[in-house]
Structures are given as structure tokens and as C-alpha cells.
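Subject: Structure handover

Hi,

Here is the structure you asked about. Please open it alongside this note; my findings follow below.

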Amino acid sequence: MKHRLLLGGFCTVLVLGTAFVPTWVLNSVPEAEGVRPRRIEYQETVACSGEISALSYREVYLETGVIPSRVVAEVGDQVEKGQVLAVIDTELTRSVISQGVTVQTAPEAGLGVLEEFGEDYGLSGEKLQAVLGASPGYTGEKSAFIPREIFAPISGTVTAVSLSEGVLASGAAPAFVVTENDGYLMKAAVEEEKIGLVAVGDPAVVTGSAFDGSYRGVVTKIYPSARKSLSGVFTQTVVDVEIRIEDTSARLRPGCSAKAVICTEEPQEVLSLTYDAIRQDEQNQEYVYVVSEGRVHRRNIVTGDEMLYYAQIINGLSEEDIVLLGDGLEEGSLVRVKRGERGEK
């Protein structure tokens, strides 16, 4: 009777132990995180940077230096075509110009006279002479070009003014710049090795730190020649392109820096894999470790385009494969795939 009890107890222990052996064995197999390749929408793009400018603007230049008696328009003013921007003191301007004429007959005396006029404007005789354009052979014809008023050539916003009341102004710089309210464009620099991907008509997305959100645009011009551009301490060769911003109601500021992403092809679905799952051997062969029937197996792959977080998989994997992450993986070894956010059962 005692022997039967002992034998029965031994069998019970053996049965219970056998039942727990698979769990014990399973828990001894190393775990690894796994991720599946997945299909995402991808579009080939070219990134560039540049500056916002007005789509259309007019600069108002004068034939000669003038002295305004009143400057009507200021930067930021909305003006209509033909509106008076400034009123010129024609008599004072003509008187000053007439003194400049004496330079061609008596240079030394002429500069002395200009010095007297220059004191009123904080200019030396030489500087005043340069502003007025007086030189040997000067005939005084410039006095015929003195305007009584300066008018807006187009309707728009005044974006630059170089005149001040009672101050002699040179004709070298534009007296006014008037910008039409018909939109903006971005002049961007594209690296020479990427310009071959860009074509007129390509869509683009424009962003900038000086304005909120993003704006859609389209490439309207590719410059025919390249130029050198200094980037930090390095010089690179770039080709300029113009991107017209389609939103004419956008409130942008000409002169602000901006960035653009030019879309150079139609969106397409590609098989992709995260960078941390891709490995490379000493022969620069890219590969991954996949799990098959509970064991680790190496799989050589071919990658394509590189995206922000993913690489395109051209060959070697499918959406059904489970790619293993982490170190310590060996060909043929047992492995368990972790359960988790990125893991697969």
C-alpha cells in the first residue's frame, strides 16, 4: 500500500512538471523587438531656401537730385496710380543745380559756392557736386528734368522711400518703391546636383519663421546659369529658381527668408522600413534579421530613397516579414518577438 502511494505521488509530480516544462523552456529563449515593413505614400522632393519678394513692383527714379518741400507718402501707405507721392521745391533745387554749373567754368570758385549750399544740407562741396552730377562739360540741362511733383506709377503699397523734406536727394537711388498687391514670389537657391530634378510647373510648399503656416506655390522660372554661394565657411554652386506663391491673400513680408520643398514627382506608395532595423556588413551589403519559425535569419535587402524616418525597400522584404531590432542576434538562434507597441505576436 505504501509503495502504491509513493508511486502515485511520483506520477503526479512528473505530470505537473511535464506540464510546466514548455513554459520554462519558452521563458529561456531570448526576446527581441520586431517591426513589419509597411507601405507609405512618398513623393520625391528637393529642399531649398531663399527670400520672399513682391511679385510686381515699380521703382521711381529721378533724372537729377531734388529737394522735396513735402513728402506725402510713407512706407506702408496704400496709394493709387497717379497719386502724388512728393512735392519738389523746384526753385531751391534749380538754384542749387545752377551753382553746380559754375564748376565747369571756374572749378575752385564753383566748389566754394557749393560749400555754402552744402552747409545747409550737411554735405561737402565735392559731395554736393557728385549728387547733382556737376562735372566738366556740364551744361545745366538737368534743371529741365526737375519735376514739380512725383506720382505713383501703379496702385499698391509703398515699400521704400529715400526722400526727406528739405534734404537734397540723389537720383542714384529710387525715390519710391511701390509694390502691387497681386501676390508674392520666392527666389530660392537649389544645389546644382539637384536642379536636374526640378522643372517649371512643379508644385512647392513655402514656409518661414517670419510667418505662420505654409503656402502652396509653383515653380515659374529656372535661371539659365549657376552661381557660387557662400554657406558658412564653404562655397557651393547653386541655381536660382522662382516660386510663385498661389495664395494672393497671403500677408507676407518681402525680404523675409523662407524655405521651400519642391515636389518633383507624383506621390506613390512604397514599401518602407525604419532606419534602426537596417544593418550593413563590411562589404557595404545592407541586410536585416527576420524571424521565421522561431529562429533568426539574415536577409539581404536593397534600399532606395531615404525619407525622414524610413528608407524605401526595393527588394528583399514583404509586408508579412517581421524584422528584428537590437543587438546580439545570431543566424539560426531561437528568438521570441516581444509584445509591445512596435512588436508583433
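A residue counts as buried when its relative accessible area is under 20%. Cys48 sits at 8% relative accessibility, so it is buried. Cys256 comes out at 18%, so it is buried too by that cut-off.

Confidence next. This is a predicted model. Mean pLDDT for the protein chain is 81. Of its residues, 77% reach 70 or more. Residues 101-114 fall below 50, and the model gives this stretch 23 contacts beyond near neighbours in sequence. Residues 132-140 also stay under 50. For them the model has 20 contacts beyond four places in sequence. Where pLDDT is low, predicted coordinates should not be read in detail. Please treat both stretches that way.

The largest nonpolar core holds 23 residues. Ile52, Met186, Val190, Val206, Ile243, Leu252 and Ile262 have the most contacts inside it. At least two core residues come from each of β4 (45-54), β12 (184-191), β13 (203-208), β14 (211-231), β15 (234-245) and β16 (257-263). Take Leu252 as an example. Leaving aside residues up to four places away in sequence, Leu252 touches Ile52, Tyr184, Phe211, Tyr215 and Ile245. There is also a second, separate core of 20 residues. Val79, Ala152, Ile154 and Leu163 are among its members.

Last, look at strand β19, residues 286-292. Five of its seven residues are buried, so the strand is mostly covered. Which strands does β19 pair with? Here is the list:

- β18 (residues 279-280): antiparallel to β19, over two bridges. Arg279 has Tyr287 of β19 as its bridge partner. Five residues lie between the strands of this hairpin, and Asn284 takes a positive phi near 65°.
- β20 (residues 295-300): antiparallel to β19, over six bridges. Val291 is bridged to Val296 in β20. This hairpin has two residues between its strands, and Glu293 in the turn has a positive phi of about 55°.
- β23 (residues 323-324): antiparallel to β19, joined by two bridges. Val290 has Val323 of β23 as its bridge partner.

To start, I would look at Leu252 and its contacts with Ile52, Tyr184, Phe211, Tyr215 and Ile245. Then move to β19 and the six bridges to β20.

Best wishes

Notes:
Residues numbered from 1 in each chain as written. Predicted model: local features only at pLDDT ≥ 70, side-chain atom pairs only at ≥ 80, totals over all residues. Heavy atoms only, no water. pLDDT = per-residue confidence, 0-100. Contact = heavy atoms within 4.5 Å. Buried < 20%, exposed > 50% of the residue type's maximum accessible area, 1.4 Å probe, protein only. Helix = DSSP H or I, 4+ residues; strand = E, 2+ residues; numbered from the N terminus. Pairing = 2+ DSSP bridges. Core = buried A, V, L, I, M, F, W, Y, C linked by side-chain atoms within 4.5 Å.
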